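Please open the structure in the viewer and keep the sequence beside it.

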Amino acid sequence: MKWFKPLFAIIFVLGAGAAVLVFSNETDNNENEAKAKEDNIVNIISSESKETSEKKNILDSLNTLKTAYDEAILEKTALSKELELERKNVENLMAIIKVSNNPSAEQIKIYRNQLSDLNSSLESRVQEIKKLKSQNKNLLTEIESQNVVMYQQKAENDTLLLKQKKLESTLKDASKLYLSNFKAIALREKSSGTELETTKAKNAKKLKISFTVNGNAVAKTGKRVFYIQVLDQKNTVLGDNKLIEFGNDKALVYSFIVSADFQGKSLSAYGVLNADQFKKGTYFVNYFDKQEIMGSTSVTLE
């Protein structure tokens, strides 16, 4: 049995070596498994940190985009309603992203695409606003030019109107008739029928009122009517004592009318006021062309 001890020693050594080898492999496996788990956790944490950072970046970009929409809306253009709707879309996306916990990479990609679409939409609207501003500026320039032309035209029209009014006034003054040689005398009548001038009230039977219509080549020709007003000492209107209104809040009480056929040249005209009896005193005579007084005279009876 001499060989038994060496054999046992060899087996012991081999067994110990195998045990060491098995234990070493198990240790290595455990270490590798732990390292793998650690790496996996690090990767998960790193992935979550990256997605969280992406989420924050997208929210920051959306907030900047919302501010840009706010400024565009303040321009108060025809696109303001559309811009308000698109700003609401930005706010809705921000609300969705804020409540999402640990968004996946796919979700982040979707958010990125939506952000890109909103940015593109804003850029398009900004270009439209710039175009509208340019059109408005050109329109304002055109309106200002038209206003200048209209102002100049109005100034010319006002000048022409003023000249026309002056011309009408000049023509009116030029065509106006003027009276002169105002005279009033009392007449008595002889038994033969002859009329003689008198200054005695008891002899006077009528007042003869005469005047001259001055010639005027530009005045209207044809029948012209003049109103004679005779006032006694009590300021009573003698004769017809009729009221005539001229349609411009002007009226006149007259004694009688004198008609004349005016043809541009001077002519003499007269009228007669009859009375049964004239009292002593002064009688005043006023001559009117419509409502405008043209002259006056008087006659005194003793």
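**A first stop: Tyr227**

Select Tyr227, which counts as buried at 10% relative accessibility. Here buried means under 20% relative accessible area, exposed means over 50%, and partly exposed lies in between (1.4 Å probe, protein chains only). The model is predicted: local features need pLDDT of at least 70, side-chain atom pairs count only at pLDDT 80 or more, and totals for chains, interfaces and linings use all residues. Residues are numbered from 1 along each chain as its sequence is written, and side-chain values use heavy atoms, with hydrogens and water left out.

Helices (H or I, at least four residues) and strands (E, at least two) are DSSP runs, numbered from the N terminus. Select residues 105-174, which form helix 3. This helix has 70 residues and reaches 100 Å from its first C-alpha to its last, close to the 104 Å expected at 1.5 Å a residue. The expected span is 1.5 Å times one less than the number of residues. Among the buried residues of helix 3 are Ile108, Tyr111, Leu115 and Arg125.

Which residue does the side chain of Arg125 meet in a salt bridge? The partner is Glu82, at 3.0 Å from N to O. A salt bridge is a side-chain nitrogen of Lys or Arg within 4 Å of a carboxyl oxygen of Asp or Glu. Arg125 lies in helix 3 and Glu82 in helix 2 (residues 80-99), so the pair ties together parts that are 43 residues apart in sequence. Arg125 is buried, with a relative accessible area of 17%, whereas Glu82 is partly exposed, at 34%.

Next, select Lys56 and Asp60, whose closest N and O atoms are 3.1 Å apart in a salt bridge. The two residues are about one helical turn apart because they are separated by four residues in helix 1 (residues 4-73). Lys56 is exposed, with a relative accessible area of 51%, and Asp60 is partly exposed, at 38%. Lys66, Asp70, Arg87 and Glu91 may be selected together, as salt bridges link them in a network.

Move on to the open sheet of four strands, whose order is 2-1-3-8 with antiparallel pairing. Its edge strands, strand 2 (195-198) and strand 8 (267-274), each pair on one side only. Two strands pair if DSSP finds at least two bridges between them. Strand 1 (residues 179-189) and strand 3 (residues 206-213) are joined in the antiparallel sense over seven bridges. Within this pairing, Leu179 stands opposite Val213 in strand 3.

**Aromatic rings**

How many aromatic pairs does the model contain? The count comes to six. Rings of Phe, Tyr and Trp (its six-membered ring) pair if their centres lie within 6.5 Å; planes under 30 degrees apart count as stacked, over 60 as edge-to-face and the rest as tilted. Select Phe211 and Tyr287: the ring centres are 5.6 Å apart and the planes are at 70 degrees, so the pair is edge-to-face. Phe211 lies in strand 3 and Tyr287 in strand 9, so the pair ties together parts that are 76 residues apart in sequence. Both Phe211 and Tyr287 are buried.

Tyr227 is in strand 4, while Phe246 is in the loop between strand 5 (242-245) and strand 6 (251-254). Phe246 is partly exposed, with a relative accessible area of 22%.
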